[in-house]
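Here is a colleague's note to read beside the model. Please keep the sequence and the 3D view open, and take the numbered points in order.

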Amino acid sequence: MINDIQLNKPEAIDVTERPAFYNADSNLVTTMNNLEEGKVVLIRSFYSNGLNLLKELHIHLRKKLLNKTYQEQQV
């Protein structure tokens with residue numbers, strides 16, 4: 001018996017306004033502010049730029065949310 005596959009398809013991003021861009025030369029402070037404001041940030045050029053942004057975001061959040069877990073922030 002074959003069951004239907006459940007798809008977890010993400011919602012499409014509305015790009016009616018111009019997204020912020022991030023590449024290796026971008027200002028990290030501006031990019032972090034854009035992410036905190038909920039703006040869409042488009043990563044350009046290389047896959048490693050996205051990995052670098054994720055690393056910097058992790059460091060930024062660790063400094064900002066010192067001694068707190070994600071579950072504690074949702075309350």
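1. The protein exposes about 7100 Å², and carbon and sulfur atoms supply 55% of that area; accessible areas come from the Shrake-Rupley method with a 1.4 Å probe, and for residues only the protein chains shown count as cover. Buried residues make up 12% of the 75 residues, where buried means under 20% relative accessible area, exposed means over 50%, and partly exposed lies in between (1.4 Å probe, protein chains only).

2. Some words on the basis of these values are needed. This is a predicted model, in which local features need pLDDT of at least 70 and side-chain atom pairs count only at pLDDT 80 or more, while totals for chains, interfaces and linings use all residues. Residues are numbered from 1 along each chain as its sequence is written, and side-chain values use heavy atoms, with hydrogens and water left out.

3. The protein has 3 helices and 2 strands, and along the sequence they follow the pattern β-α-β-α-α. Helices (H or I, at least four residues) and strands (E, at least two) are DSSP runs, numbered from the N terminus. Among contacts between residues at least 6 apart in sequence, 34% join residues at least 24 apart, a contact being heavy atoms within 4.5 Å.

4. Which residues of α1 are buried? They are Thr31, Met32 and Asn34, and, seen down the axis of α1, the buried residues fall within an arc of 160°, so they line one face of the helix; the arc is that of the directions from the helix axis to the C-beta atoms. As background, an α-helix has 3.6 residues a turn, so residues three or four places apart point the same way. The buried residues of α1 pack against β1, β2 (41–43) and α2.

5. Asn34 deserves a separate look. Asn34 has a relative accessible area of 14%, and, leaving aside residues up to four places away in sequence, it touches Ala20, Lys39 and Val41.

6. Just after α1, Gly38 takes a positive phi of about 85°.

7. The structure holds 3 salt bridges, each a side-chain nitrogen of Lys or Arg within 4 Å of a carboxyl oxygen of Asp or Glu. Glu36 pairs with Lys64, the closest N and O atoms being 3.0 Å apart, and this pair links distant parts of the chain, since Glu36 is in helix α1 (residues 28–36) and Lys64 is in helix α2 (residues 47–64), 28 residues apart. Lys39 meets Glu37 at 3.3 Å, N to O, and Lys55 meets Glu56 at 3.9 Å.

8. Ile13, Val15 and Val40 form a nonpolar patch on the surface, with about 260 Å² of accessible area together. Patches are made of residues with over 30% relative accessible area and no salt bridge, like charges being joined within 9 Å and nonpolar side chains (Val, Leu, Ile, Met, Phe, Trp, Tyr) within 5 Å. Ile13, in the segment before β1 (20–22), counts as exposed at 58% relative accessibility.
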